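Subject: Structure for your files

Hello,

Here is the structure I said I would send. My notes on what was found in it follow below.

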Amino acid sequence: TPEAIFALGEDGLKKYIKTIGLYNSKAKNIIALCKILIDNYSSQIPDDFDQLIKLPGVGRKTANVILNCAFGKLTMPVDTHVFRVSNRIGFSNGKTPEKVEQDLLKKIPSKWLEYGHHYSCCS
């Protein structure tokens, strides 16, 4: 729960995540995020894109992953891999992840959008 993670504090959390890259900044963001969830969202993750991207450590891609995987919303998270491949194979000529995301949402049938970003990394 956000309360349990917040209670660990940054140093306590680092013990659990020290094997992942950038764990110092991730611990700081996670603790700050938990505090916001507790104080502003009754410890629940919001299901709104604009609210998600205001949270520490949550950008466009992460917000779309949360909306897609946790809430079943038909989004297309665009990471570096999806961005490059989409341009390379002609699905988009977008210069930003947001533009590629918009292009993919227009071209990919909705039946493939649920968990669609998982397909790109597994093919």
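G90 comes after helix α5 and has a positive phi, near 85°. Helices here are DSSP runs of H or I with at least four residues, strands are runs of E with at least two, and both are numbered from the N terminus. At the start of α5 (residues 80-88), a side-chain oxygen of D79 comes to within 3.1 Å of the backbone nitrogen of H81.

Please note that this is a predicted model: local features need pLDDT of at least 70, side-chain atom pairs count only at pLDDT 80 or more, and totals for chains, interfaces and linings use all residues. Residues are numbered from 1 along each chain as its sequence is written, and side-chain values use heavy atoms, with hydrogens and water left out.

Overall, the protein has 7 helices and 0 strands. Its C-alpha trace spans about 45 × 30 × 25 Å along the principal axes. Of the 123 residues, 31% are buried (under 20% relative accessible area; exposed is over 50%, partly exposed in between, with a 1.4 Å probe and protein chains only). The protein exposes about 7900 Å², of which carbon and sulfur atoms supply 56%; the areas come from the Shrake-Rupley method with a 1.4 Å probe.

Helices α1 (residues 2-17) and α2 (residues 23-40) pack at about 180°, with their axes 9 Å apart. The axes are lines fitted to C-alpha atoms over the stretch in contact, and angles run from 0 to 180 degrees between N-to-C directions. The two helices are therefore roughly antiparallel, a term for angles over 145 degrees. On the α1 side the contact (heavy atoms within 4.5 Å) includes I5, F6, L13 and I17, and on the α2 side I30, I31, C34 and L37 are among the residues involved. The contact residues divide into 12 nonpolar, 2 polar and 6 charged. Nonpolar covers Ala, Val, Leu, Ile, Met, Phe, Trp, Tyr, Cys and Pro; charged covers Asp, Glu, Lys and Arg; the others, Gly among them, are polar.

K14 lies in α1 and is buried, at 19% relative accessible area. Leaving aside residues up to four places away in sequence, K14 touches Y23, N24 and A27.

Finally, the loop between α2 and α3 (49-52) holds S42, and S43 is found in that loop too. Phi is positive in S42, near 50°, and in S43, near 65°. S42 counts as exposed at 61% relative accessibility, whereas S43 is buried at 17%.

Regards

Note on methods:
Angles under 35 degrees count as roughly parallel, over 145 as roughly antiparallel, 65 to 115 as roughly perpendicular and the rest as oblique. A polar contact is a pair of N or O atoms within 3.5 Å; within protein, one must be able to donate a hydrogen and the other to accept it, and residues adjacent in sequence count only if both atoms are side-chain atoms.
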